[in-house]
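Please look over the sequence and the structure below before reading on. The briefing that follows goes through the structure topic by topic.

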Amino acid sequence: MEEKKPTHRKHNRWHDYSKKCIYHITLVVRDRCKVLGRIIDGRDKGLDLKKVPQPNGDLHYIAPNGKVWTEAELAETAEVEFTPLGFDIQRKIQEIPLEENKRGNDVQILGACVMPEHIHFVLYVRQPMAQNVGMVIRGFKQGCNKLLKKYLDIAESSASATIADLSNPSAIAPFEESAPAQSCVGCSLQESPLGSAVFLKSAFSATSSAAVSAASVSFLKNASARILEEHSLFEDDFDETRLRRKGQLRAMIDYVHKNPVHRWLRANKPHWGGGDCALARVPRALKRVSGGFRFQEVSGRLRAFQMAF
């Protein structure tokens, strides 16, 4: 019988992955298939902007009311538009503390971002666990695979929604936003009744499988054969970075929250240099959170966490 591959590749054989620590976790969708969403900006959300080339090669955008948008300002509007699966995965991340509490573990999610083909979240192990972090991630992956199978079953059971002729992803009907204006992508940050857990409470009511239309599973056209055949969403392994020095926690959460802006800049302004060089031109980018928490929501806790480690 073939031996199962480990879920967690230990990056440091001398580190105890069951002890109190903060980790930046990254999970990649199999074959980097974009089944969780797409990057959008203000133009996709109704902004009618006309391009106006500038002498330096950059672009300005003119709105009908005469307002001028620079490319840096447009980059600030970048966020992730979730597929139904991506939205469920976002919610699943924030349920990790609740699920682990049932197993006697005390963990917390400090920040999260779901990208089209990978996810990031910052996991805080508040107390030593009987198991290692790899088991926490394994349980999360199993839950995500169940969500994937739900949509695969919907596609297979619908005569008009076979995987071979699914409609274009743009046909997915947008969610109706019912959350407060300051909330992010239809979600609001709330403290768990358990005290130690922080999670996102969905601003949308759950949708039953029977009510999901063929358009709701159209994202499966982007799925690889491995995903469809193995019913497994993420690659077997995962990457982690441990908190080891002062100030690193802020950098972790900063990186997670800036991911959609990074992606927008790489796609639209590669000559800006990418990374922090490009983000330096977007001074307010940190105030936006796309597919995750608002940075300001957790910034008040950073100093206490840094002192604790």
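The mean pLDDT of the protein chain is 74, and 65% of its residues reach 70 or more. The model is predicted, and pLDDT is the predictor's confidence in each residue, from 0 to 100.

**Confidence along the chain**

- Among the elements of the protein chain, strand β8 has the highest mean pLDDT, at 97.
- The lowest mean pLDDT among these elements is 30, and it belongs to strand β10, which covers residues 198-202.
- Over residues 159-164, pLDDT stays under 50. The model has 9 contacts beyond four places in sequence for residues 159-164.
- Residues 166-212 also have a pLDDT that stays under 50. For residues 166-212 the model has 92 contacts beyond four places in sequence.

- Is strand β7 largely enclosed, or is it open? Of the 8 residues of β7 (residues 107-114), 8 are buried, so the strand is largely enclosed by the rest of the structure. A residue counts as buried when its relative accessible area is under 20%.
- Strand β7 runs antiparallel to strand β8 (residues 118-125), and 7 bridges join the two.
- The link from β7 to β8 is a hairpin of 3 residues.
- Across this pair of strands, Ala112 of the chain stands opposite Phe121 in β8.

**Aromatic rings**

- How many aromatic pairs does the structure hold? There are 5.
- A pair of aromatic rings is described by the distance of the centres and the angle of the planes.
- The ring centres of Tyr17 and Tyr23 are 5.9 Å apart and the planes meet at 20 degrees, so this pair is stacked. The reasoning rests on a cut-off, because planes under 30 degrees apart count as stacked.
- Tyr17 has a relative accessible area of 2% and is therefore buried. Tyr23 is buried too, since its relative accessibility is 0%.
- Lys67 has its charged end over the ring of Trp69, at 4.4 Å from the ring centre.

**Two loop residues with positive phi**

- Asp31 is not a glycine, yet its phi is positive, at about 60 degrees.
- The place of Asp31 is the loop between β1 (21-28) and β2 (37-40). Its relative accessibility is 40%, so Asp31 counts as partly exposed.
- His231, a residue other than glycine, has a positive phi near 55 degrees.
- The loop between α5 (225-230) and β11 (239-242) contains His231. With a relative accessible area of 25%, His231 is partly exposed.
- The class of both residues follows from the cut-offs, because partly exposed lies between under 20% for buried and over 50% for exposed.

- Where is Ser216 found? Ser216 lies in the loop between β10 and α5.
- Ser216 has 18% relative accessibility and so counts as buried.
- Which residues does Ser216 touch, not counting residues up to four places away in sequence? They are Pro84 and Tyr151.
- Ser216 and Pro84 are 132 residues apart in sequence, but 6.5 Å apart in space from C-alpha to C-alpha.

How values were computed: Residues numbered from 1 in each chain as written. Predicted model: local features only at pLDDT ≥ 70, side-chain atom pairs only at ≥ 80, totals over all residues. Heavy atoms only, no water. Buried < 20%, exposed > 50% of the residue type's maximum accessible area, 1.4 Å probe, protein only. Helix = DSSP H or I, 4+ residues; strand = E, 2+ residues; numbered from the N terminus. Pairing = 2+ DSSP bridges. Phe/Tyr/Trp six-rings, centres within 6.5 Å; stacked < 30°, edge-to-face > 60°. Lys NZ or Arg CZ within 6 Å of the ring centre and 35° of its normal. Contact = heavy atoms within 4.5 Å.
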